[in-house]
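Colleague: I am new to this structure. Could you show me how to read its core, its sheet and its cavities?

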Amino acid sequence: MPDPKSNKLTRRHFVGAAGAGLGLAALYYNWPRNEKETKNPALQTAPEAGPSLGIALAGLGMYAIGELAPALQQTKRSHLAGLISGTSSKRKKYGKEYQIDDQHIYTYETFDQIADDDAIDAVYVVLPNAMHAEYSIRAAEAGKHVICEKPMAVSVAECEKMIDACKANGVTLNVGYRLHHDPHHDALREAAKTLPLGPVTSIQSEFGFRMKDLSHWRLHKELSGGGPLMDVGIYCIQAARYCTDEEPIAVTAREYKTDPETYYSVEETILWEMEFPSGVVAACHSSYNYRCERLYVAYSNYHTAELSPAYYYRGIEGNLGKEVFDFGDHSQQAAHMDAISRSIYDGIPTTTGGEEGLQDMRIIEAIYKSAQNGGIRVSLA
Ligand code: NDP
């Protein structure tokens, strides 16, 4: 365990903690592993006509190996083309498992050589949050399209630099907002535009889990940028925005800590409200101290939508008014990566571009500002 007061946390330490993250994911997410889905014949998809985007995964941790690499076995317009890892055993193991030749496997030190690797069209940055900006910018400068996990970065300033770097190098930038390719969330997003139940009147949203690994990089601001708000609360922010189809004009927030030693640099639990121009208020909370995971939307005709669980990779359940959802199996990640490929090759725009990540970061910064100043109302207008 690191000295919680020390900022000198080595990479070796965090990689060890990251390995434990696999167990953490199984613990807090409690859903079937994706390998099982990959073997489901119903999910074996035929390739689609058109070029396939060659994606290199940067950072072979819980999400890259547990979800993204298996999803890339289900995609129609994208494929796994390279690996970037600081851990030699992972480079060897996953190179073999996914049949990636050594010439397409990189370390962080050799990362920039991907500029000469024509098999790799895009880099998917799946590193700790504070490393997103650096590796996204390096990927853009190597002439590769960028997909970056959420949160896009750890500050508005970093997000802006990433957008500028991608523009300057003529490559696209997307954030790993997988729920833009989930049918439950699509239905709520559509309802905000077509108003079958009338306008939204209020929203409640929550996403948290109990952090068991107290040495994890997520608890150290220098690598995470923040606590549960940055990590999973961001899904509540996203949902409030797309369920209203509006942008918030102000936020208020409060932070609570029961264990200041563990949560010495990030929040333990945070509650916040987002005010929208129509008068809708979204009441949200997120925590590393308890599990919660629900989205509730009230509409003006007295119907409601409720997703619970709301934000998982799979197993989302819920309704929109009288419609009870039953969408069956699907891979949010495969659908998202294919959509990014279609945006690049066919010109069909994505909804997960850098501006989307930047807007969430503006809201996150405002929420932290409010929480750190006794819950003052922070305007976003
Ligand atoms: P992990 O800790 O499991 O993996 C991160 C990987 O980054 C490590 O395994 C390691 O890979 C690499 N790494 C490089 N430097 C460091 C360092 N100093 N400390 C720790 N790891 C390092 O994290 P997750 O996979 O859970 O999260 C990665 C990113 O993905 C985060 O930004 C997170 O927010 C996002 N995420 C998104 C999800 C979604 O649903 N969209 C779900 C889960 C995570 P290597 O050994 O190969 O170098």
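Modeller: We take these topics in turn, bearing in mind that this is a predicted model.

Colleague: Which residues have the most contacts inside the largest nonpolar core?

Modeller: In soluble globular proteins, nonpolar side chains tend to gather in buried groups. Here the largest such core has 84 residues, and Leu188, Trp272, Met274 and Leu295 have the most contacts inside it. Helix α9 (residues 228-244) gives the most to this core, namely eleven residues. Another core, of 26 residues, lies apart from it; Ile65, Tyr98, Ala122 and Met337 are among its members.

Colleague: What is leucine 188 in contact with, leaving aside its neighbours within four places in sequence?

Modeller: Its partners are Tyr242, Cys243, Leu295, Val297, Tyr299, Ala305, Leu307, Leu320 and Phe325. Two of these names return in the sheet: alanine 305 stands opposite leucine 320 in β13.

Colleague: In what order do the strands of the open sheet run?

Modeller: Strands of a sheet pair through backbone hydrogen bonds, in a parallel or an antiparallel sense. This open sheet has nine strands with mixed pairing, in the order β14-β13-β12-β11-β7-β10-β9-β8-β15. At the edges, β14 (323-324) and β15 (378-379) each pair on one side only. Strands β12 (residues 304-307) and β13 (residues 318-320) are antiparallel, joined over three bridges.

Colleague: How many cavities of 30 Å³ or more are found, searching the whole structure?

Modeller: Two are found. Tyr177, Arg178, Leu179, His180, Tyr235, Gln238 and Tyr242 line the largest cavity. By type, its lining divides into four nonpolar residues, two polar and one charged.

Key. Residues are numbered from 1 along each chain as its sequence is written. This is a predicted model: local features need pLDDT of at least 70, side-chain atom pairs count only at pLDDT 80 or more; totals for chains, interfaces and linings use all residues. Side-chain values use heavy atoms; hydrogens and water are left out. A nonpolar core is a set of buried Ala, Val, Leu, Ile, Met, Phe, Trp, Tyr and Cys residues joined through side-chain atoms within 4.5 Å. Buried means under 20% relative accessible area, exposed over 50%, partly exposed in between (1.4 Å probe, protein chains only). Helices (H or I, at least four residues) and strands (E, at least two) are DSSP runs, numbered from the N terminus. Contact means heavy atoms within 4.5 Å. On a 1 Å grid over the protein atoms alone, a cavity is a set of points where a 1.4 Å probe fits but cannot get out, and a pocket is an open set with protein on both sides within 12 Å along at least five of seven lines; lining residues have an atom within 4 Å of a point. Grid points are joined across faces, edges and corners, and a volume is the space filled by probe spheres set on the points. Ala, Val, Leu, Ile, Met, Phe, Trp, Tyr, Cys and Pro count as nonpolar, Asp, Glu, Lys and Arg as charged, and the others, Gly among them, as polar. Two strands pair if DSSP finds at least two bridges between them.
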